[in-house]
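Open the model in your viewer and keep the selection tool at hand. This tour goes from one selection to the next.

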Amino acid sequence: MDVRRDEPLIRVEAVTKEYVMGGEVLRALNGVSLTVGYGEFVTIIGPSGSGKSTLMNILGCLDTPTSGKYWLEGVEVNRLRDSRLAEIRNRKIGFIFQNFNLLPNLTALENVELPLIYRGMRSAERRERAVEALRKVGLGDRMRHRPPELSGGQQQRVAIARALAGDPPFCSATSRRARWIRRRAGKCCGSCRI
Ligand SMILES: Nc1ncnc2c1ncn2[C@@H]1O[C@H](COP(=O)(O)OP(=O)(O)OP(=O)(O)O)[C@@H](O)[C@H]1O
Ligand SMILES: [Mg+2]
């Protein structure tokens with residue numbers, strides 16, 4: 001995948017997002033522009049309904065803008081077809097969802113390994129990476145537990161380990177406790193870029 005190292009990690013220009021409902025146009029994003037460099041920690045805050053999730057979905061390549069442009073590592077992602085977007089989500093973005101989105105029937109270890117399987121990583125390496133990530137978030141003794149057998153905070157730590165195990169350049173986290181995530185993720189991986 002082409003990466004422009006002279007470009008910032010994220011560059012967004014004049015992005016809008018409109019939803020059409022019952023003939024009415026609802027503008028959720030009204031020309032957002034921002035740049036995020038490698039290693040930067042950026043928090044997006046705002047009142048309920050102000051468009052935070054809408055913007056995060058676009059930055060995470062889970063949705064496309066109505067107009068405007070978005071470059072991730074110099075690649076204009078809003079022009080890419082779905083299969084390339086899926087590859088970018090898998091390789092370049094670690095997701096920590098507000099409700100964690102862990103698979104309840106898989107162990108913590110298997111949950112962390114899953115995105116690495118999709119990436120085609122061989123089993124010994126992905127096991128090693130998943131174990132390391134879980135140890136870093138302090139769950140070395142809970143790897144065989146399934147999400148329902150873990151506390152809420154432990155589930156969130158599994159989600160953080162899953163997001164960081166693949167060492168993505170961009171980690172997207174949605175939480176009402178951003179400070180907590182920063183502290184956790186920062187501890188987990190000294191060189192991690194969020
Ligand atoms: N799929 C959709 N269809 C129509 N309107 C939508 C859709 N998704 C979001 N909206 C509207 O867009 C606006 C922004 O929503 P968004 O979810 O981005 O807000 P938010 O800042 O994340 O809020 P919260 O803090 O409550 O999570 C809201 O007014 C919402 O009602
Ligand atoms: Mg939201």
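Select Val 112, Ala 133, Leu 134 and Ala 161. In the largest nonpolar core, which has 35 residues, these four touch the most other members. A nonpolar core here is a set of buried Ala, Val, Leu, Ile, Met, Phe, Trp, Tyr and Cys residues joined through C-beta atoms within 7 Å. Buried means that 20 or more other C-beta atoms lie within 10 Å of the residue's own, with C-beta atoms placed from the backbone. Now color helix H5, residues 152-165: with seven residues, H5 provides the largest share of this core. Domain 1 (1-80) and domain 2 (89-194) each put at least three residues into this core. Those bounds come from an automatic or database domain assignment.

A note on the model. It is predicted: local features need pLDDT of at least 70, side-chain atom pairs count only at pLDDT 80 or more, and totals for chains, interfaces and linings use all residues. Residues are numbered from 1 along each chain as its sequence is written, while chains are lettered from A and ligands numbered from 1 in the order in which they are written.

Center on Leu 134. Leaving out residues up to four places away in sequence, Leu 134 touches Ala 108, Leu 109, Val 112, Leu 139, Gly 140, Met 143 and Ala 161. Contact means C-beta atoms, placed from the backbone, within 7 Å.

Next, show the whole chain as a cartoon. Count six helices and six strands. Helices (H or I, at least four residues) and strands (E, at least two) are DSSP runs, numbered from the N terminus. The order from the N terminus is β-β-α-β-β-α-β-α-α-α-β-α. Of the 194 residues, 30% are buried.

Move to helix H1. Which residues of H1 are buried? They are Leu 55, Ile 58 and Leu 59. These residues lie on the same side of H1, because they cover an arc of only 100° around the axis, taken from the directions from the helix axis to the C-beta atoms. The buried residues of H1 pack against S1, S2, strand S3 (67-72) and strand S6 (170-173). Just after H1, click Cys 61, where phi is positive, at about 60°.

Finish at ligand 1. Residues around the ligand (C-beta atom, placed from the backbone, within 6 Å) include Tyr 19, Met 21, Gly 51, Lys 52, Ser 53 and Thr 54. H1 (52-59), strand S1 (10-21) and strand S2 (24-36) each supply at least two shell residues. H1 gives the most, three.

Conventions: A residue is buried if 20 or more other C-beta atoms lie within 10 Å of its own, exposed if 12 or fewer, and partly exposed in between; C-beta atoms are placed from the backbone. Two residues are in contact if their C-beta atoms, placed from the backbone, lie within 7 Å.
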